[in-house]
Amino acid sequence: MDRYARWNALLEMLTDSGRVSVEEAAGRLDVSQATIRRDFDQLAQQQMITRTRGGAVANGVSYDLPLRYKTAKHSAEKQRIGAAAAALVAPGTVVGLNGGTTSTEVARALAVRPDLNTSAEGAQLTVVTNALNIANELLVRSRMKVVVAGGVVRPKSFELVGPLGGALLREVTLDVALLGVDALDPQLGAAAHHEGEAAMNNLMVARAKRVVIIADSSKLGGHAFARICPVERVETLVTDSGAAPELVDAFRAAGVTVICA
């Protein structure tokens, strides 16, 4: 296991449990305790964790890990969600897409659909995004028209936030917004950990004819700091087959079409 893979694993451990000892981490990753101590020291220098005697504890950032440090957690589920969400997109439409690991899978699925990459007049797909990595995924792998909202880059998610991007979003109309979220609750609606991301996502919702939430089952029923939109604004939820039946029923009772990929 290389250094970055170990760092990913250590950050996931801390996110799950809040505290990990050097001995425990070394045993779980099958490396020496000296290696884990160096890893903890380097992560602490980057303010990713807080070093303690004999181990490390999660600080606030560990609950919203930078995208570059996130592992392929729920990767199979997210790939299925991405394919199912991309299948909802018709050629020639305008799609809003935010950042995040699940949104990245949607972008990859869109990029390989031949019918969305035609050069015929009027058939080209237009994607409006506030995420630099999403724009890159589409630019290097497709011939779609990509519009990037401006703003200040959040290094954790590669998303652009702030009034500069908001000015652009207020001037466009989206046929559908495909939004990854940090939490979706049948009563509280969709939410994100960061208020700037939530504000940009809210603007996409306001400019969209249809809103599709893309979220793996671990996000359902959870809470996050800043609300994106009420559940009444959500037309469709695309999630995985691990979604709790009672939550699926609650979303359907709220008028949301639920697709379990």
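Select helix α1, residues 3-17. Helix α1 lies across β1, β2 and β3 and runs at about 130° to β1. Contact here means heavy atoms within 4.5 Å. Angles run from 0 to 180 degrees between N-to-C directions, with axes fitted as lines to C-alpha atoms, for helices over the stretch in contact. Helices (H or I, at least four residues) and strands (E, at least two) are DSSP runs, numbered from the N terminus.

This is a predicted model: local features need pLDDT of at least 70, side-chain atom pairs count only at pLDDT 80 or more, and totals for chains, interfaces and linings use all residues. Residues are numbered from 1 along each chain as its sequence is written, and side-chain values use heavy atoms, leaving out hydrogens and water.

Now show the strands. They form an open sheet of 3 strands, ordered β1-β3-β2, with antiparallel pairing. Its edge strands are β1 (19-21) and β2 (49-52), each pairing on one side only. Neighbouring strands of this sheet are turned by 20° against each other on average, direction ignored. Two strands pair if DSSP finds at least two bridges between them. For one of the bridge partners, pick R51: its partner in β3 is A56.

Move to D30, in the loop between α2 and α3 (33-45). D30 is not a glycine, yet has a positive phi of about 60°. Is D30 buried or exposed? D30 is exposed, at 71% relative accessible area. The cut-offs are under 20% for buried, over 50% for exposed and in between for partly exposed (1.4 Å probe, protein chains only).

Jump to F158, in the loop between β7 (152-154) and β8 (159-161). F158 also has a positive phi, about 65°, and is not a glycine. F158 counts as partly exposed, at 27% relative accessibility.

Zoom out and colour by domain. Domain 1 is 3-62 and domain 2 is 74-260; such bounds come from an automatic or database domain assignment. Their C-alpha centres lie 32 Å apart.

Finish with the whole chain. It holds 9 helices and 15 strands. The C-alpha trace spans about 60 × 40 × 35 Å along its principal axes. Of the 261 residues, 50% count as buried.
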